[in-house]
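Dear colleague,

I am handing over the structure below, together with some notes on its side chains. Please read the notes with the structure open beside them.

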Amino acid sequence: MDKIEKHLLLQPSTAALKSIAQSCKAPYLLLQLREADIEWLPRARERLLQTAENTGALLVYADAYREKDGQLQAWPHIDYQDGSLRDDFDFGPLVLVQTAAFKLAVDQLDDYNYAAWYAVRLHLARRGRILRLPEYLYSYSRDNDKRKTGQQQFDYVDPRNREVQIEMEAVCTRHLSELGALLQAPFKEAPLEEGEFPVTASIVIPVRNRVKTIEEAVASAARQRCDFPFNILVVDNHSDDGTTERLQALTQQHPHLLHLQPKSKQLGIGGCWNEALYHPQCGRFVVQLDSDDLYNSDQVLQTIVDTFYRERCALLVGSYQMVDFQLEELPPGLIDHREWTPHNGPNNALRINGLGAPRAFFTPILRQIGFPNVSYGEDYAVALALSRTWHTGRIYTPLYLCRRWEGNTDADLNVQQSNAHNTYKDRLRTLELYARTAKK
């Protein structure tokens, strides 16, 4: 097939991509993005080429069979969207690229060690169509990353990857600028004296079936020492494992604990957050605590509220320590989200899959937005919306212990669950891009 020339990309550097661009003579480049043993199905390459030629797409990728645990499994990918800005978007190991468009993108590259391929595919996305063919065209093996999804998702905050992240941020920032979606400081300060509230702060804990951890989470919230009144709003989403009974008992021990149970049984985590956010006992600030995590001292709530008033922010993002169920530290340890910088954090937030934790919000402004009724990405959605306009405060010292254990909802997702999560967050980024460009 003289219309296709195959090359293996061993390093995602500018030098490597320039070498490929100079040597490629065919109209289409079949680029292998990582080492793998590829076995094509009959007429699969012809089908890939046909799709590219018929649609004019600058990049086409397909679904595949992947060897996992010694067996081939169907491994569907997800559709590319305008908001598919993650530098780790999974095309699989193979993409078919229009050579002329590839060479043009490579010609415009800065000198990158790690982010050259990311820059090229964003350039292609600006100039034309990136298309997924939802057909299984090949199988591959020798996948080097054997970690669970719950471990892979923290790569972008690992200090060992900082140089990589700096390059990726520069590429994404340039892309947003080209699209007219780049946000510029300064951002608005929040009117923190606005409104009347029964307490200064509410710690919000959505929970379903966490009888093993909820008592410790509530205890860490209840022991907070503050110079202002606060309460704890636990939204119990119809637990059936004993969590409800445990919470009923805890209300007798902690008079400022409110045990809320929604009427609806169709609520996700976001819907449960709304139950607390719009409750008449909700405080001026709402502060996150997951039902299996713990504040690491009795000064966390005071630190958060003091930071709100010092920084005049509508959204405040903290840092946390990764631990196992026995509270022993896990790598990478401290998650301080240094990728969020005061001048570029809201832009870099579109490249990564989260905005840090614990999150805290100024209630009147958050009530104007509300949470989407989902159980994944609900906090990311509101954080993106808030950071588009309002100043975001940061605390770089750890505020809580984030437990990683088999009970976490994202501990080890299958491909269908992972795809659903990534598709939704890409959709959130797409909506945010559209909101930014419409605003201008």
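This is a predicted model: local features need pLDDT of at least 70, side-chain atom pairs count only at pLDDT 80 or more; totals for chains, interfaces and linings use all residues.

Residues are numbered from 1 along each chain as its sequence is written, and side-chain values use heavy atoms, with hydrogens and water left out.

Rings of Phe, Tyr and Trp (its six-membered ring) are taken to pair if their centres lie within 6.5 Å, and planes under 30 degrees apart count as stacked, over 60 as edge-to-face and the rest as tilted. By this rule the count comes to 16 aromatic pairs. One of them is the edge-to-face pair of Tyr80 and Phe89, with 5.1 Å from centre to centre and 70° between the planes. Tyr80 counts as buried at 14% relative accessibility, and Phe89 counts as buried at 7%, where buried means under 20% relative accessible area, exposed over 50% and partly exposed in between (1.4 Å probe, protein chains only). The rings of Phe285 and Phe362 have their centres 5.9 Å apart and their planes at 45°, so this pair is tilted. It links distant parts of the chain, since Phe285 lies in strand S11 (residues 285-288) and Phe362 in strand S15 (residues 359-362), 77 residues apart; helices (H or I, at least four residues) and strands (E, at least two) are DSSP runs, numbered from the N terminus. Both Phe285 and Phe362 are buried. Ring pairs also join Tyr61, Tyr80, Phe89, Phe91 and Trp117 into a cluster.

A charge sits over a ring if NZ of Lys or CZ of Arg is within 6 Å of the ring centre and within 35 degrees of the ring normal. The charged end of Arg66 sits over the ring of Trp75, 4.2 Å from its centre, and Lys425 lies over the face of Tyr380, at 4.9 Å from the ring centre.

Thr363 lies in helix H12 (residues 363-367) and is buried, with a relative accessible area of 0%. Leaving aside neighbours within four places in sequence, Thr363 is in contact (heavy atoms within 4.5 Å) with residues including Phe197, Leu277 and Phe285.

Gln32, in strand S2 (residues 28-32), is likewise buried, with a relative accessible area of 6%. A polar atom of the Gln32 side chain lies 3.0 Å from the backbone oxygen of Arg34.

Notes:
A polar contact is a pair of N or O atoms within 3.5 Å; within protein, one must be able to donate a hydrogen and the other to accept it, and residues adjacent in sequence count only if both atoms are side-chain atoms.
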